[in-house]
Amino acid sequence: MSEAKAPQAGPFALWLRRAAGWAVLGPWLRLVRVTSRVVYDPPDFWTRMEADWPAIVTSWHGQSNLIYSTWPEPRRFAIMISTHPDGQIAQGIAQSFGFSVVEGSGASERQRYGTGGVGAFRKTLRVLAGGQSTIATADIPPVPGRNVSRGLLAMARHSGRPIFAVALVSSRRRVFDRMWDRMQFPLPFSRIAVVAEGPFFVGASATEDDDAARLKASLDRVLEKAFVLADA
């Protein structure tokens with residue numbers, strides 16, 4: 001399998017994508033939020049997270065869209081977003097809600113260079129050391145989906161900060177099963193479930209493989225529970 005660099009786009013194309021995220025998808029997610037009921041599980045998850053502040057919040061890639069509009073106090077978080085052209089749309093959404101952005105993503109089997117991962121890793125460590133929490137998806141595009149990134153585990157290990165596994169599901173949704181991350185697109189007038197587990201400290205298990213397996217199990221568990229709560 002050949003190794004590829006991250007796709008690049010011109011300055012105008014990047015601006016256009018960020019504008020689409022800011023002016024189109026951002027308002028759509030606000031519409032979903034104001035027309036929907038949000039249920040948090042556990043109800044005191046925010047208090048639990050603040051007890052271990054700052055923290056690393058992670059979810060599977062396909063369930064990350066709803067975090068922009070349902071997450072408390074976005075200005076206290078920095079989101080790691082890919083430098084891929086499609087990531088610029090997400091950057092526009094995140095900034096429209098007040099999140100800080102760290103540009104970069106981990107390397108994958110098909111894409112090892114040009115991801116900005118090393119710089120993003122170092123910047124995220126500084127963000128955490130400065131008292132701001134961070135949000136990063138647990139799996140790296142494009143394949144395979146729903147496998148925990150070792151970079152995420154390294155981030156937790158080097159920073160000493162805990163991970164919280166989260167899942168966000170809307171009762172009215174479109175799920176794109178053919179996409180690598182089975183992305184969920186939320187629709188208005190929904191019941192939105194936000195489920196969290198943690199804190200998860202890396203290094204508590206015998207090996208890195210054990211840590212990865214434990215975090216994957218947690219992410220799968222909160223996702224399953226979020227679907228049940230949303231569809232109740």
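This briefing covers aromatic ring pairs and charges over rings in a predicted model. Local features need pLDDT of at least 70, side-chain atom pairs count only at pLDDT 80 or more, and totals for chains, interfaces and linings use all residues. Residues are numbered from 1 along each chain as its sequence is written, and side-chain values use heavy atoms, with hydrogens and water left out.

**Aromatic pairs**

- A search of the whole structure gives nine aromatic pairs, where rings of Phe, Tyr and Trp (its six-membered ring) pair if their centres lie within 6.5 Å.
- Tyr40 and Phe45 are stacked (planes under 30 degrees apart), because their ring centres are 5.3 Å apart and their planes are at 15°.
- Trp71 and Phe77 pair edge-to-face (planes over 60 degrees apart; the rest count as tilted), with 6.1 Å centre to centre and 80° between the planes.
- Tyr40, Phe45, Trp46, Trp53, Trp71 and Phe77 form one aromatic cluster.

**Accessibility of the paired residues**

**Charges over rings**

- A charge sits over a ring if NZ of Lys or CZ of Arg is within 6 Å of the ring centre and within 35 degrees of the ring normal.
- Arg76 lies over the face of Trp53, at 4.0 Å from the ring centre; Trp53 belongs to the aromatic cluster.
- Arg30 lies over the face of Phe97, at 4.0 Å from the ring centre.
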